[in-house]
Amino acid sequence: MRKVIVAVSAGLLLGAAQAQKTTPTLTVITHDSFDVDKKLVAQFESQNGVKVRFVKGGDAGELLNRLVLTRRAPLADVVYGLDNSLLARARQMDLLQAYKSPLLAKVPAAYRLDEAGYLNTVDYGYVALNYDRAYFQKAGLKLPTSLDDLKKPEYARLTVVSSPATSSPGLAFLLATVGHYGEAGAWQWWKAARAGGLKVVRGWNDAYYKDFTRNGGKYPIVLSYASSPAAEVFYADGYDPAKLPAQAPTANLLLPGSTWLQLEGVGILKGAKQPALAKKFVDFMLSPGVQADIPTRMWIYPAVSGTKLDPVFKFAEQPKPAPVKASVTANPQRLVDAWVTNVLRAR
């Protein structure tokens, strides 16, 4: 009898081990700011019999560069975090395969990245300059009212932005300045601002969490998002959605030519080893649970219409950036290369 029990136990263990070995893995590469409730991911894994492996690929610009360098041997099945400033290059480099999620029908046409489904819009946000209210109040300093003001030393030395070469907010800001001034005028603005003390760092995390005065840095103006003031309230001690403060500790500096509508999406990489599961993950990112979870985790707006927002979003803003010519967005990499030559390496 004991031998039978041992044999059965051994068989069960062997079966469990074999089942574990055959569970497929879906690899998802994202930018560093990606965050979704682990419980939702666990539900997806359980419902689809899969293990999801997340890989952080740096800021969105760095993420795209990694995908370009590894396109012959893709690092993942799915990518999240490429946006409307990066899609043109991703398609030019033939990184994505088309899949249009049926849930994309719930995303307003104005927020869809492309109708072919190379990137399905998951969320949108507004790249914008933020400022530290307390710093300006204490210094008795008036706020700049234009980009021309911002390039002056008295404001440029107070400002930190992320690099267009490695950061999607940085690229968005570059495109906004080119749209506002034209190329020649933009290079002049950037040169003057850098000469005046404008700091350029690798990515958004460095700019916001290391250099911004709200987090112990020396720069009270930072390139971030128009929803960042809402995040400052949300993460404050004792946050209560029923007892919101009169104002956030930070605010937006919506200078003409400085804001940009950013559309972030999820897509399937060419050469994906798990294409069927990849499609399901794209659908997952547009599902009601994930869409409701996104706003207070990544501090952007959910793409699907009708998704409820936390009351703290009263401190966020949805500006109306000026439209730019199609030529500005047609080949962003050319502008990045020109920025490196004309601004970063200029003496």
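**Exercise 1. Covering of helix 16**

Determine which residues of helix 16 are buried in this predicted model, and identify elements that cover them.

*Solution.* Step 1: Helix 16 comprises residues 332–344. Its buried residues are P332, L335, V336, A338, W339, V340 and V343. Step 2: The cover over these buried residues includes helix 4 (87–92), helix 8, helix 9, strand 7 and helix 15.

**Exercise 2. A residue of helix 15**

Locate V328, decide whether V328 is buried or exposed, and list the residues that V328 touches beyond four places away in sequence.

*Solution.* Step 1: V328 lies in helix 15, which spans residues 326–330. Step 2: The relative accessibility of V328 is 9%. Buried means under 20%, and V328 therefore counts as buried. Step 3: Leaving aside residues up to four places away in sequence, V328 touches L175, V178, G179 and L335. L335 is one of the buried residues of helix 16. Step 4: As a further exercise in distance, consider G49, which is 279 residues from V328 along the chain; the C-alpha atoms of the two are separated by 44 Å.

**Exercise 3. Packing of helix 8 and helix 9**

Describe how helix 8 and helix 9 pack, giving the angle, the distance between their axes and the handedness of the crossing, and then characterise the contact by residue class.

*Solution.* Step 1: Helix 8 covers residues 168–181 and helix 9 covers residues 183–195. They pack at an angle of about 120°, and their axes are 7 Å apart. Step 2: Angles of 65 to 115 degrees count as roughly perpendicular and those over 145 as roughly antiparallel; helix 8 and helix 9 are therefore oblique to each other. Step 3: The crossing of helix 8 past helix 9 is right-handed. Step 4: Helix 8 contributes F173, L174, T177, V178 and Y181 to the contact, while helix 9 contributes E183, G185, A186, W187, W189 and W190. Step 5: Sorted by class, the contact contains 8 nonpolar, 2 polar and 1 charged residues.

Conventions:
Residues are numbered from 1 along each chain as its sequence is written. This is a predicted model: local features need pLDDT of at least 70, side-chain atom pairs count only at pLDDT 80 or more; totals for chains, interfaces and linings use all residues. Side-chain values use heavy atoms; hydrogens and water are left out. Axes are lines fitted to C-alpha atoms, for helices over the stretch in contact, and angles run from 0 to 180 degrees between N-to-C directions. Helices (H or I, at least four residues) and strands (E, at least two) are DSSP runs, numbered from the N terminus. Angles under 35 degrees count as roughly parallel, over 145 as roughly antiparallel, 65 to 115 as roughly perpendicular and the rest as oblique. A crossing is left-handed if the near helix is turned anticlockwise from the far one by less than a right angle, and right-handed if clockwise. Contact means heavy atoms within 4.5 Å. Ala, Val, Leu, Ile, Met, Phe, Trp, Tyr, Cys and Pro count as nonpolar, Asp, Glu, Lys and Arg as charged, and the others, Gly among them, as polar. Buried means under 20% relative accessible area, exposed over 50%, partly exposed in between (1.4 Å probe, protein chains only).
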